[in-house]
Amino acid sequence: MPNGWSKPRDLVKLAEMRAQFELEIPLGDLPGIPVEFSLAEGPVQLAVQFGREQGLAVVHITLNAVLTPLCQRCLKPMRVPIAADSHVAVVESQGQAQGVPEEFETFLATDGHAALAALAAEELLLALPIVPRHGSGERCEVSCPGAAAADSAPAVTEAMAPVVETQRPFAELRALLERAKS
């Protein structure tokens, strides 16, 4: 089903039918993905299973992707594996969302219609790191001026800190004022 993920669908009807989809969606076909996360190693893998629980249309979403954003520490490409697994209640209004039990996330679908790509994009956005950077167990690229220096530089201790003489420009002001009065 080429590009079937971008077509708006009746999510409530899919829930009643207990429809299931397994899709591979190119990252560029997902709406609202920030530019800094726009590169990936292959498509986003998406599995959705619709159903009904507690009187609500729900979707079990499993998403996997490997994105290649720039590390904000060394500005070199890095791999960021993304895995999301969640239960989402499909709601048609903000008021309906307030009544959804806490174990569900909510997805606002006006008139109950939305594209599967929109579901995938929302889950991906929730799983993205706020600032992409190599983790504490990983090393940034050697060409990163700050990372190599930070890893190899000794910690500065109080004894190693340079001694700076404190200057007090107004310390002699009182004496000057008193001399001016006399």
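How do strand β3 and strand β4 pair, and over how many bridges? Select residues 44–53 for β3 and 56–67 for β4: the two run in the antiparallel sense, joined over nine bridges. (Strands are DSSP runs of E, at least two residues; helices are runs of H or I, at least four; both are numbered from the N terminus. Two strands pair if DSSP finds at least two bridges between them.) Click Ala47 and you'll find its bridge partner, Thr62, in β4.

A quick note: this is a predicted model, where local features need pLDDT of at least 70, side-chain atom pairs count only at pLDDT 80 or more, and totals for chains, interfaces and linings use all residues. Residues are numbered from 1 along each chain as its sequence is written, and side-chain values use heavy atoms, leaving out hydrogens and water.

Now show the whole sheet: five strands, open, in the order β2-β3-β4-β5-β6, with mixed pairing. At the edges sit β2 (20–25) and β6 (105–108), each pairing on one side only.

Next, select Glu41, in the loop between β2 and β3. Glu41 has a relative accessible area of 41%, so it counts as partly exposed (between buried, under 20%, and exposed, over 50%, with a 1.4 Å probe and protein chains only). Leaving aside residues up to four places away in sequence, Glu41 touches Val66, Thr68 and Arg79 (contact means heavy atoms within 4.5 Å).

Last stop: Leu176, in helix α5 (residues 173–181). With 48% relative accessibility, Leu176 is partly exposed too.
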